[in-house]
Amino acid sequence: MTITSNVTISPHSLFNSLRLPQFSPLSCFFFLHISHSHFFFVSLFLSLFTMVLSNTFSKSDESIHSTFASRYVRTALPRFKMPENSIPKEAAFQIINDELMLDGNPRLNLASFVTTWMEPECDKLIMASVNKNYVDMDEYPVTTELQNRCVNMIAHLFNAPLGEAEAAVGVGTVGSSEAIMLAGLAFKRKWQNKMKAEGKPYDKPNIVTGANVQVCWEKFARYFEVELKEVKLREDYLVMDPVKAVEMVDENTICVAAILGSTLNGEFEDVKLLNDLLIEKNKQTGWDTPIHVDAASGGFIAPFLYPELEWDFRLPLVKSINVSGHKYGLVYAGIGWVVWRSKDDLPEELIFHINYLGTDQPTFTLNFSKGSSQVIAQYYQLIRLGFEGYKNVMENCRENMLVLKAGLEKTGRFNIVSKDNGVPLVAFSLKNTSCHDEFEVSDYLRRFGWIVPAYTMPPDAQNVTVLRVVIREDFSRTLAERLVIDIQKVLHELDTLPAKITAKIALNGENADKNVTVVTKKSAIETQREITTVWRKFVMEKKKMNGVC
């Protein structure tokens with residue numbers, strides 16, 4: 001809304017406001033009558049100045065009000081089409097900032113492995129390089145050099161067989177998903193070249209993994225037409241069994257993927273046993289089936305906490321490894337790495353060479369443009385912390401994990417599903433789910449701000465439901481103890497509520513036998529979801545009857 005100012009200004013007040021030399025009224029009168037022709041121009045000047053001043057007051061009206069008093073917070077913003085008109089930068093910021101307040105707190109998001117805190121000095125480096133496009137290697141040669149240093153440091157960390165001055169083979173990516181795609185493509189192309197040379201069919205490649213792999217492996221298989229052969233899990237063995245994995249290998253297997261740090265329970269798979277069994281099978285069959293290690297979570301943990309564990313390039317069949325810099329590499333989301341054992345393991349035909357950015361530049365990525373900030377942040381962490389610093393961080397994470405585990409065990413209500421050795425996380429399930437389940441615990445914890453996921457295991461362990469808390473660098477002992485207290489409060493509140501099955505009977509007016517019959521006709525997960533939904537409705541009805549808002 002614009003309010004026009006009706007301000008009248010006398011010549012005397014105008015001259016005062018302009019800080020002109022002071023004149024008496026008589027002098028002013030004498031001055032204005034020196035020439036009749038000059039009077040017209042003076043009058044015109046006064047009129048124009050009054051109009052300008054009036055318009056200035058009108059246009060600045062919006063800025064003298066607070067953002068929340070402006071019309072922009074009273075108007076619904078377009079959600080599907082770009083708006084016709086612009087709005088002030090202050091209003092745009094406030095509107096977006098207000099909506100973002102409804103997001104969860106990243107520090108309390110215990111579902112994610114991704115880094116949520118970095119030092120202020122690194123934040124400054126990130127902001128200073130946020131406008132640099134990493135792909136412009138000729139324009140930003142120092143950034144390119146920093147990426148190469150990171151690749152070499154990580155390759156040496158993973159015991160790549162490199163000479164003292166030999167450059168490692170690897171590349172920075174936007175995350176482990178892209179890294180796995182690139183590694184998978186390298187395995188597929190190398191296998192195809194081998195089969196072509198031998199005159200054999202090369203149209204049905206497959207890859208062997210555990211059913212516990214992250215979804216990016218399923219994406220790779222579907223996007224690049226590779227059969228995914230999954231080793232099923234067991235309730236007492238929640239990672240890939242190396243023996244069963246090797247049994248599934250055939251001549252068309254491009255590689256076996258082992259997970260160093262399962263997403264489900266943090267456990268490290270036995271890469272050493274897999275390597276030994278696969279060497280024996282390769283000798284018997286004449287094949288040369290290799291191994292890729294998905295170390296997205298565990299790659300920055302094992303070298304510091306379990307240096308004697310053989311899982312990396314010390315094993316001869318491990319040809320490539322990916323790791324997420326934005327997980328335990330301690331960098332914000334947007335950086336991953338993949339390194340190869342040697343140049344022979346990355347087919348040359350997959351590398352593109354471009355020169356339209358200034359010089360010849362090799363590139364092997366799925367995307368082209370990307371920011372430089374995360375690459376620079378990774379280099380900062382590597383030189384800032386060093387081996388000693390990373391070890392201290394990982395030891396702190398493990399100790400806080402043990403504190404949380406002990407607190408949960410002390411309640412007497414949970415079974416611990418995760419292992420002490422592995423990614424620092426705690427996966428746990430309720431001992432008694434006859435009344436309430438893990439999904440309800442997860443739901444009630446959100447009232448305290450905690451984001452703790454609940455999920456079922458993959459086939460054939462789908463009967464196991466767990467809650468999982470990932471211990472990151474910024475999860476302190478104080479927070480661990482506080483989480484245990486809040487979990488106890490949730491359990492106490494759930495204990496005061498009716499059991500889910502009782503709620504369903506009360507709401508539907510059906511007898512228990514009839515309910516049991518219905519349950520047996522549905523899958524476990526369908527029954528669980530249905531009962532949880534009905535139970536929530538029942539509780540809400542009870543609250544309404546009790547006058548609870």
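Ala, Val, Leu, Ile, Met, Phe, Trp, Tyr, Cys and Pro count here as nonpolar, Asp, Glu, Lys and Arg as charged, and the others, Gly among them, as polar. The views below show a predicted model.

**View A. Lining of the largest pocket.** The largest pocket holds about 640 Å³ of space. Its lining is made up of 25 residues. Sorted by the classes above, the lining has 14 nonpolar, eight polar and three charged residues. Nearest the centre of the pocket lie Asn 148, Gly 170, Val 171, Ile 351 and Pro 362.

**View B. Elements around the largest pocket.** Helix H6 (141-157), strand E1 (169-173) and strand E9 (361-363) each give at least two residues to the lining. H6 supplies the most, with five residues.

**View C. The largest cavity.** The model has one cavity of 30 Å³ or more. About 80 Å³ of space lies in the largest cavity. Among the residues that line the cavity are Phe 113, Thr 115, Thr 116 and Trp 117, together with Lys 327, Tyr 328 and Leu 330. Val 393 and Cys 397 also belong to the lining, as do Arg 472, Glu 473 and Asp 474. This lining divides into six nonpolar, two polar and four charged residues.

**View D. The ring pair of Phe 158 and Trp 311.** Nine aromatic pairs are counted in the model. In the pair of Phe 158 and Trp 311, the ring centres are 5.2 Å apart and the planes stand at 70 degrees, so the pair is edge-to-face. Phe 158 lies in the loop between H6 and E1, and Trp 311 in the loop between helix H11 (302-305) and strand E6 (318-324), so the pair ties together parts 153 residues apart in sequence. Phe 158 and Trp 311 are both buried.

**View E. The ring pair of Trp 450 and Phe 475.** With ring centres 6.5 Å apart and planes at 65 degrees, the pair of Trp 450 and Phe 475 is edge-to-face, because planes over 60 degrees apart count as such. The pair links distant parts of the chain, 25 residues apart. Trp 450 is in the loop between helix H13 (438-445) and strand E12 (454-456), and Phe 475 in the loop between strand E13 (465-470) and helix H14 (477-495). Both Trp 450 and Phe 475 are buried.

**View F. An aromatic cluster and two charges over rings.** One aromatic cluster is formed by Phe 300, Phe 304, Phe 387 and Tyr 390. Lys 196 lies over the face of Tyr 202, 4.9 Å from the ring centre. Over the ring of Tyr 444 sits the charged end of Arg 447, at 4.0 Å from the centre.

Conventions. Residues numbered from 1 in each chain as written. Predicted model: local features only at pLDDT ≥ 70, side-chain atom pairs only at ≥ 80, totals over all residues. Heavy atoms only, no water. 1 Å grid on protein atoms, 1.4 Å probe; cavity = no way out; pocket = protein on both sides within 12 Å on 5 of 7 lines; lining within 4 Å. Points joined across faces, edges and corners; volume = space filled by probe spheres on them. Helix = DSSP H or I, 4+ residues; strand = E, 2+ residues; numbered from the N terminus. Phe/Tyr/Trp six-rings, centres within 6.5 Å; stacked < 30°, edge-to-face > 60°. Buried < 20%, exposed > 50% of the residue type's maximum accessible area, 1.4 Å probe, protein only. Lys NZ or Arg CZ within 6 Å of the ring centre and 35° of its normal.
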